[in-house]
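I opened my notebook for a slow walk through this model. Follow along if you like, and keep the viewer open.

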Amino acid sequence: MFKMWKSLLENIQGIVLMVGLGFLALEDIKTRKIRSMSIIVFALVGAILSFLNGNWFDWRLILGFIPGIIVLFLGLLTKETIGYGDGLVVLALGCYLNIFEIIGLSMLALTLAGLACLLYTSPSPRDGLLSR
């Protein structure tokens, strides 16, 4: 019974994570800002689900806050070229994912961003100029 409950909570946590990230991404795309209250709600729901799931005291999950702290520090160093909202979202991810999952997610995001950049700035076959 406990194993079934834990599996159900993990699935709910995954769904909430994906929907929450989608909502935050849409908010960021539309307004170029992420409201603090949205991030707080996202983090609180993740913390509650992690606690109910029994993962809250796992050292890998606790270390999951380190990437968010690093992104916030990079935002400070770059005078908010990397926004504080982005850093707070990565910090909130620490409530859902452990450090290894966040690093893997970050590598995937960087790879996809690099591929999008290559496609966006590729030369046009017609005139050799940049496509955009």
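This is a predicted model: local features need pLDDT of at least 70, side-chain atom pairs count only at pLDDT 80 or more; totals for chains, interfaces and linings use all residues.

**Entry 1: the overall layout.** I counted elements and found six helices and zero strands. Reading from the N terminus, the order is α-α-α-α-α-α. The protein has 132 residues, and 27% of them count as buried. I then looked at contacts with a separation of 6 or more, and 55% of these come from residues 24 or more positions apart.

Entry 2: I went to Glu-27, which sits in helix α1, residues 2-31. Is Glu-27 buried or exposed? Its relative accessibility is 10%, so Glu-27 counts as buried, the limit being under 20%. I followed its side chain and found that it reaches the backbone nitrogen of Arg-35 at 2.9 Å. Setting aside residues up to four places away in sequence, Glu-27 touches Arg-32, Lys-33, Ile-34, Arg-35 and Ser-38.

Arg-32 is in the loop between α1 and α2, the latter spanning 36-53. With 74% relative accessibility, Arg-32 counts as exposed. Its phi is positive, about 60 degrees, although Arg-32 is not a glycine. I flagged that because most residues other than glycine have a negative phi.

**Entry 3: another positive phi.** Lys-79 also went on my list, with a positive phi near 55 degrees in a residue other than glycine. Where is Lys-79 found? Lys-79 is in the loop between α4 (66-77) and α5 (84-93). At 77% relative accessibility, Lys-79 counts as exposed.

**Entry 4: the nonpolar core.** I looked up the largest nonpolar core, and it has 16 residues. The members with the most contacts inside it are Leu-17, Leu-24, Ile-39, Phe-42, Leu-93, Tyr-96 and Leu-97. Helices α1, α2 and α5 each supply at least two residues of this core. As background, nonpolar side chains tend to be buried together in soluble globular proteins.

Not counting residues up to four places away in sequence, Leu-93 touches Leu-17, Leu-21, Phe-42, Ile-102 and Leu-105.

**Entry 5: α2 against α5.** How do α2 and α5 run, parallel or antiparallel? Their axes come within 9 Å and cross at roughly 10 degrees. That angle is under 35 degrees, so α2 is roughly parallel to α5. On the α2 side I listed Ile-39, Phe-42 and Ala-43, which meet Gly-85, Leu-88, Val-89, Ala-92 and Leu-93 in α5. Sorted by class, the contact has seven nonpolar residues, one polar and no charged.

**Entry 6: α4 against α5.** Next I checked how α4 packs on α5: the angle is about 170 degrees and the axes are 7 Å apart. The two are therefore roughly antiparallel to each other. From α4 the contact uses Pro-67, Gly-68, Ile-69, Val-71, Leu-72, Gly-75 and Leu-76, and from α5 it uses Tyr-84, Asp-86, Gly-87, Leu-88, Val-90 and Leu-91. By class I get nine nonpolar, three polar and one charged residues in the contact of α4 with α5.

**Entry 7: Pro-67.** This residue of α4 counts as buried at 12% relative accessibility. Leaving aside neighbours within four places in sequence, Pro-67 is in contact with Val-90, Ile-99 and Ile-102.

**Entry 8: Asn-53.** My last stop was Asn-53 in helix α2. Asn-53 is buried, with a relative accessible area of 3%. Its side chain makes a polar contact with the side chain of Gln-13 at 3.4 Å. Beyond residues up to four places away in sequence, Asn-53 touches Lys-6, Leu-9, Glu-10 and Gln-13.

Conventions
Residues are numbered from 1 along each chain as its sequence is written. Side-chain values use heavy atoms; hydrogens and water are left out. Helices (H or I, at least four residues) and strands (E, at least two) are DSSP runs, numbered from the N terminus. Buried means under 20% relative accessible area, exposed over 50%, partly exposed in between (1.4 Å probe, protein chains only). A polar contact is a pair of N or O atoms within 3.5 Å; within protein, one must be able to donate a hydrogen and the other to accept it, and residues adjacent in sequence count only if both atoms are side-chain atoms. Contact means heavy atoms within 4.5 Å. A nonpolar core is a set of buried Ala, Val, Leu, Ile, Met, Phe, Trp, Tyr and Cys residues joined through side-chain atoms within 4.5 Å. Axes are lines fitted to C-alpha atoms, for helices over the stretch in contact, and angles run from 0 to 180 degrees between N-to-C directions. Angles under 35 degrees count as roughly parallel, over 145 as roughly antiparallel, 65 to 115 as roughly perpendicular and the rest as oblique. Ala, Val, Leu, Ile, Met, Phe, Trp, Tyr, Cys and Pro count as nonpolar, Asp, Glu, Lys and Arg as charged, and the others, Gly among them, as polar.
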